[in-house]
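Here are a few notes to read with the model open beside you. They start with a pair of helices and then turn to charged side chains.

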Amino acid sequence: MSITPSARQIKSEENRKTLLKSALDLFSRYGYNAVTVDDIVKNVNMSKGSFYNLFRSKGDLIIYRSEVLGEDTLEAYEKLRETPGYEKKNAVDKIRDLIELTIAISTASSNQPFLSQMFISVMNDPPEDARNYFEQHQTDEIVREIILSGQANGELRADVDCDEILRAIHVFRRSLLLEWCYKKGKYDIIERNRAPIDIFCRGIAGDGKKAGDGQ
């Protein structure tokens, strides 16, 4: 049963998104470390108290941004799953689609300077919550289902633990984003990485033998 959010909850979410938009704008212009909470609230005529009612720290904005992007990815993936014939795709192609979808949304929903600054800030001075959060993604449960099903029917290699394949996907996806930032976003990240994505996906592909099949 779905629960309709209250007017207060709706307003709080609107304010969170307003503050995030302000932060992204300022981070992209001045860099994450140079921007203060005072700068963020002043940019949108909100109070510092309002900020701390919604976020514990500036680092919380990084986590919230990841949540928003994750929700956007889930919504886009649900639409993809509804396309005719999609469920008949094998596990490798489904993972390829999710990698490309996540990368496309990450680069379309934020400008390159901010994404670069986010990488720098997280590596130099990661907020404790963000350090833990970046090991996860909202699509993880979907990916786990695809991996386990693919391992069972031989479409994905079964000699590697499900969570290790999931971690490999995280590491690979972030490496492509990092390189794109290093090159200042001057190329189409999906088109430029067709071959690396294909190599990665072939690396996790199985031998076609279902679990329990005889040798």
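**Notes on a helix pair and some salt bridges**

1. Helices here are DSSP runs of H or I with at least four residues, numbered from the N terminus. Before going further, note that this is a predicted model, where local features need pLDDT of at least 70, side-chain atom pairs count only at pLDDT 80 or more, and totals for chains, interfaces and linings use all residues. Residues are numbered from 1 along each chain as its sequence is written, and side-chain values use heavy atoms, with hydrogens and water left out.

2. H5 covers residues 91-108 and H11 residues 194-204; they pack at about 140°, with axes 10 Å apart. The axes are lines fitted to C-alpha atoms over the stretch in contact, with angles from 0 to 180 degrees between N-to-C directions.

3. Who makes the contact (heavy atoms within 4.5 Å)? From H5 come Val-92, Ile-95, Arg-96, Ile-99 and Glu-100, and from H11 Arg-194, Ile-197, Asp-198, Phe-200, Cys-201 and Ile-204. That set splits into 7 nonpolar, no polar and 4 charged residues (Ala, Val, Leu, Ile, Met, Phe, Trp, Tyr, Cys and Pro are nonpolar; Asp, Glu, Lys and Arg charged; the others, Gly among them, polar).

4. Now the salt bridges: the count is 17, taking a side-chain nitrogen of Lys or Arg within 4 Å of a carboxyl oxygen of Asp or Glu. Side chains of opposite charge can pair when their charged atoms come close.

5. One of them joins Arg-16 to Glu-13, with the closest N and O atoms 3.4 Å apart. Both sit in helix H1 (residues 7-30), and because they are 3 residues apart, about one helical turn separates them. Arg-16 is buried at 18% relative accessibility, while Glu-13 is partly exposed at 30% (buried is under 20% relative accessible area, exposed over 50%, partly exposed in between, with a 1.4 Å probe and protein chains only).

6. Arg-81 has two partners to look at. It bridges to Glu-78 at 3.5 Å, N to O; these two are 3 residues apart in helix H4 (residues 59-81), again about one helical turn. Arg-81 is partly exposed at 33%, and so is Glu-78 at 36%.

7. The other partner is Glu-87, whose salt bridge with Arg-81 is 3.4 Å, N to O. Glu-87 is partly exposed at 46%. Through shared partners, salt bridges link Glu-78, Arg-81, Glu-87 and Lys-94 into one network.

Terms used. Contact = heavy atoms within 4.5 Å.
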